[in-house]
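Biologist: Please put the model on the screen. I will then ask about its parts one at a time.

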Amino acid sequence: MPYEPPTHTVERSLRATTGAKIVAGVDEVGRGAWAGPVTVCAAVTGLRRPPAGLTDSKLLTPRQRAELDAELREWVTAYALGHASPQEIDDLGMTASLRLAAVRALEGLPVRPDAVILDGKHDYLGAPWKVRTVVKGDRSCVAVAAASVIAKVHRDNVMAELAVEHADFGFEANAGYPSPVHKAALEKRGPTPHHRLSWAYLDALPQWRHLKKVRVPGSGAVREVEGQLGFDF
């Protein structure tokens, strides 16, 4: 299906209205997975013409993503990746974990950005960062699209490595997201050390339900359900 290529429109607007000179695009992957980290990429691209075919990573085939990822890593001005582990997700909740991973990515850049374009409608980053949220920013903004591809390919590679040790779970194909293979392995073997133990899927596993972690309001974490997928898929 044809799609409009991303542009620098939002970045130009930020530069004009805020005086920002360095603008980073930020995107995440792994929010709704049962296993593995949530991964955030921060990418700085400037206003140069992007590589052909750049768009939201979800619109690309694995081969297209891999080829574009290799090109992007050489093309971008700078990029950095940040992660929040399954254990941090269980302890902090998803919103705080997204912020943790995003800050790690942004602080990993060689120069601190003056402004950030964040994919989506919810600003999970907040002060002191100057943030512009853009719905479907991974399709419309060059820097965010670049971040989406780099983050997706990197996290998929991480999950493929975990699949070597946990072959029954199909991590190399499902990347820790819900799938029939993943569900069957959970029912038989229970969660691995890479699973999020506060997630709703454990409610449907009576033999493993005792492993579920419950975050208590007032303990520094917020009870959340966003992105927590059970077995209805």
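Biologist: How far does helix 2 reach from its first C-alpha to its last?

Modeller: This is a predicted model, in which local features need pLDDT of at least 70 and side-chain atom pairs count only at pLDDT 80 or more, while totals for chains, interfaces and linings use all residues. Residues are numbered from 1 along each chain as its sequence is written, and side-chain values use heavy atoms, with hydrogens and water left out. Helix 2 holds 14 residues, 62-75; helices (H or I, at least four residues) and strands (E, at least two) are DSSP runs, numbered from the N terminus. The expected span is 1.5 Å times one less than the number of residues, and helix 2 is close to its expected 20 Å, with a reach of 20 Å.

Biologist: Which helix do the buried residues of helix 2 pack against?

Modeller: The residues of helix 2 that count as buried are Arg 65, Leu 68, Asp 69, Leu 72 and Trp 75, where buried is under 20% relative accessible area, exposed over 50% and partly exposed in between (1.4 Å probe, protein chains only). An α-helix has 3.6 residues a turn, so residues three or four places apart point the same way. With contact meaning heavy atoms within 4.5 Å, the buried residues of helix 2 pack against helix 6 (142-165).

Biologist: Which elements give two or more residues to the lining of the largest cavity?

Modeller: On a 1 Å grid over the protein atoms alone, a cavity is a set of points where a 1.4 Å probe fits but cannot get out, a pocket is an open set with protein on both sides within 12 Å along at least five of seven lines, and lining residues have an atom within 4 Å of a point. Grid points are joined across faces, edges and corners, and a volume is the space filled by probe spheres set on the points; the largest cavity comes to about 30 Å³. Its lining is made of Thr 7, His 8, Val 10, Glu 11, Ile 117, Cys 141, Val 142 and Ala 143. The elements that give two or more of these residues are helix 1 (9-18) and helix 6.

Biologist: How many residues of the lining of the largest cavity are nonpolar?

Modeller: Ala, Val, Leu, Ile, Met, Phe, Trp, Tyr, Cys and Pro count as nonpolar, Asp, Glu, Lys and Arg as charged, and the others, Gly among them, as polar. By this scheme the lining has 2 polar residues and 1 charged, and its nonpolar residues number 5.

Biologist: Is Glu 11 buried or exposed?

Modeller: Glu 11, in helix 1, is one of the residues that line the largest cavity. Beyond four places in sequence, Glu 11 touches Val 23, Thr 45, Gly 46, Leu 47 and Ile 117. Because its relative accessibility is 3%, Glu 11 counts as buried.

Biologist: Which strand gives the most to the lining of the largest pocket?

Modeller: The largest pocket holds about 500 Å³ of space. Among its 19 lining residues, those closest to the centre are Asp 27, Glu 28, Arg 31, Lys 58 and Asp 119. The elements with two or more residues in this lining are helix 6 and strand 1 (23-29). With 3 residues, the element that gives the most is strand 1.

Biologist: How many residues of the lining of the largest pocket are charged?

Modeller: The lining of the largest pocket has 2 nonpolar and 6 polar residues. Its charged residues number 11.

Biologist: With which side chain does the side chain of Glu 28 make a polar contact?

Modeller: Glu 28 is in strand 1 and counts as buried because its relative accessibility is 19%. A polar contact is a pair of N or O atoms within 3.5 Å; within protein, one must be able to donate a hydrogen and the other to accept it, and residues adjacent in sequence count only if both atoms are side-chain atoms. At 3.3 Å, the side chain of Glu 28 meets that of Arg 31.

Biologist: What distance separates the C-alpha atoms of Ser 148 and Asp 27?

Modeller: Ser 148 belongs to helix 6 and, at 2% relative accessibility, counts as buried. Its contacts beyond four places in sequence are Asp 27, Thr 55, Asp 56, Ser 57 and Asp 138. Ser 148 and Asp 27 are 121 residues apart along the chain, and their C-alpha atoms are separated by 5.3 Å.

Biologist: What is the phi of Ala 175 near?

Modeller: Most residues other than glycine have a negative phi, and most peptide bonds are trans. Ala 175 sits in the loop between helix 7 (171-174) and helix 8 (180-189). Its phi is positive, near 55 degrees.
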